[in-house]
Amino acid sequence: MNPGSTRRAALHEAARWAMREDDSVLREPPPAAAAEVQAMLDDRALSDAMAQLPRLSDADIRAMRTRRRAAIGAGGMLGIVAMVGIGGWQAGWYRAPDARAVHYETARGQMLDVPLADGSSLHLNGDTSLDVTLADDRRSVTMERGEAYFDIAHLPDRPFTVRARGSATQVLGTAFNLDIAAGGVRLAVYRGAVRFGNATPGSATVVVPAGWRSRFADGRALAPTRFDAGQKDWRDGWLDIDGMALGDLIDALNRRGGPLIAPPPPGLRGIAVSGRFRLDSPRDLLDAMGAAYGFRTERSDGALRLVPAPADDANPSHP
């Protein structure tokens, strides 16, 4: 149904209700727009507002003020509808309510596919929380934590922006992945291109095309680097990283479920790790990494913990 026709019909019904001549209409529930019409009828500035409409004479305006609840016929109701529905909209008195944000959240080990009404789709990793708002002139996501893959429909009149930890990712139509971790927000673009950087207007940004990735840290986006966008990613149980802090890797592993991994101690947290790994066996992965980076994995209090290896273990050739 045409939104304009629906709006006019609602105003017409509200005008009839507001100008009731007897109590018969009181038995009806107030229409949706009744409060708007009633407020206009009770407004002392009614004559000034309606004087701007050429279809009404001064006599009409005076009559409507003195008999605002009289049954003045369909013409009177149409006048009110015209005043509220046209003059009110032009003056900015009545506007459609802002689009409401819809919240999506996953638990650790849970994944969620979210189709959006605009034709876009989101794929949420575990332990992810975000809000989606689809308005007539814009689309936006506020991402609180976690990781999500965005496949965005190309709608030039409704740009799509994702805000996460001080960063903004601006797109028209593309596919990309965002990962929020302690070390910053990681972006990888799989199709199209995005503008990535500080969410503050006027701040410097970088354009990241398909097959490139960047990271937002310390208030700015780092220079993009290449990656193979054709390979499987976390959605298929793989992780491809380049210089990721060990602490961020632990966050990524914990999203998958399985045994909880405690945050690494400060001496290990910042170790930069690179490579392509399976995500289905975190204990084996950490054991292999520990042999190379000088730590071992222990189970304590129901969680896996990373413990710095003794010097002799870290370097077998040490005397």
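The model is predicted, so local features need pLDDT of at least 70 and side-chain atom pairs count only at pLDDT 80 or more, while totals for chains, interfaces and linings use all residues. Residues are numbered from 1 along each chain as its sequence is written, and side-chain values use heavy atoms, with hydrogens and water left out.

Let's begin with the aromatic rings. A pair of rings is described by the distance of the centres and the angle of the planes. Here, rings of Phe, Tyr and Trp (its six-membered ring) pair if their centres lie within 6.5 Å; planes under 30 degrees apart count as stacked, over 60 as edge-to-face and the rest as tilted. Searching the whole structure that way turns up four aromatic pairs. One of them joins Y190 and F227, edge-to-face, with 5.4 Å from centre to centre and 80° between the planes. This pair links distant parts of the chain: Y190 sits in strand β10 (residues 184-191), and F227 in the loop between β15 (225-226) and β16 (238-245), 37 residues apart. For the element names, helices (H or I, at least four residues) and strands (E, at least two) are DSSP runs, numbered from the N terminus.

Is F227 buried or exposed? F227 is buried, at a relative accessible area of 13%. The cut-offs there are under 20% relative accessible area for buried, over 50% for exposed and partly exposed in between, with a 1.4 Å probe and protein chains only.

Next come F196 and F216, whose ring centres are 6.3 Å apart with planes at 70°, so this pair is edge-to-face. F196 belongs to strand β11 (residues 193-198) and F216 to strand β13 (residues 212-217), so the pair ties together parts that are 20 residues apart in sequence. Both of these phenylalanines, F196 and F216, are buried.

Back to Y190 and F227 for a moment: together with Y149 they form one aromatic cluster. What lies over the face of Y149? That would be R235, at 3.5 Å from the ring centre. The rule for a charge over a ring is that NZ of Lys or CZ of Arg is within 6 Å of the ring centre and within 35 degrees of the ring normal.

R235 brings us to the salt bridges. The structure holds twelve of them, each being a side-chain nitrogen of Lys or Arg within 4 Å of a carboxyl oxygen of Asp or Glu. R235 meets D233 in one, at 2.9 Å from N to O.

R145 forms another with D127, the closest N and O atoms being 3.0 Å apart. R145 is in strand β5 (residues 139-145) and D127 in the loop between β3 (121-124) and β4 (129-134), so parts 18 residues apart in sequence are tied together. Those two residues also belong to a salt-bridge network with E105 and E144.

Now for a helix. Nine of the ten residues of α6 (residues 246-255) are buried, so this helix is largely enclosed by the rest of the structure. Among the buried ones are D248, N254 and R255. After α6 comes G257, with a positive phi near 90°.

On a 1 Å grid over the protein atoms alone, a cavity is a set of points where a 1.4 Å probe fits but cannot get out, and a pocket is an open set with protein on both sides within 12 Å along at least five of seven lines; lining residues have an atom within 4 Å of a point. Grid points are joined across faces, edges and corners, and a volume is the space filled by probe spheres set on the points.

The largest pocket holds about 500 Å³. Its lining has 27 residues, with R186, L187, A188, R213 and D240 nearest the centre. Which strand gives the largest share of that lining? It is β16, with seven residues.

The largest cavity has a volume of about 30 Å³. It is lined by N125, E147, W234, L239, A252, R256 and L279. A252, one of these, is also among the buried residues of α6.
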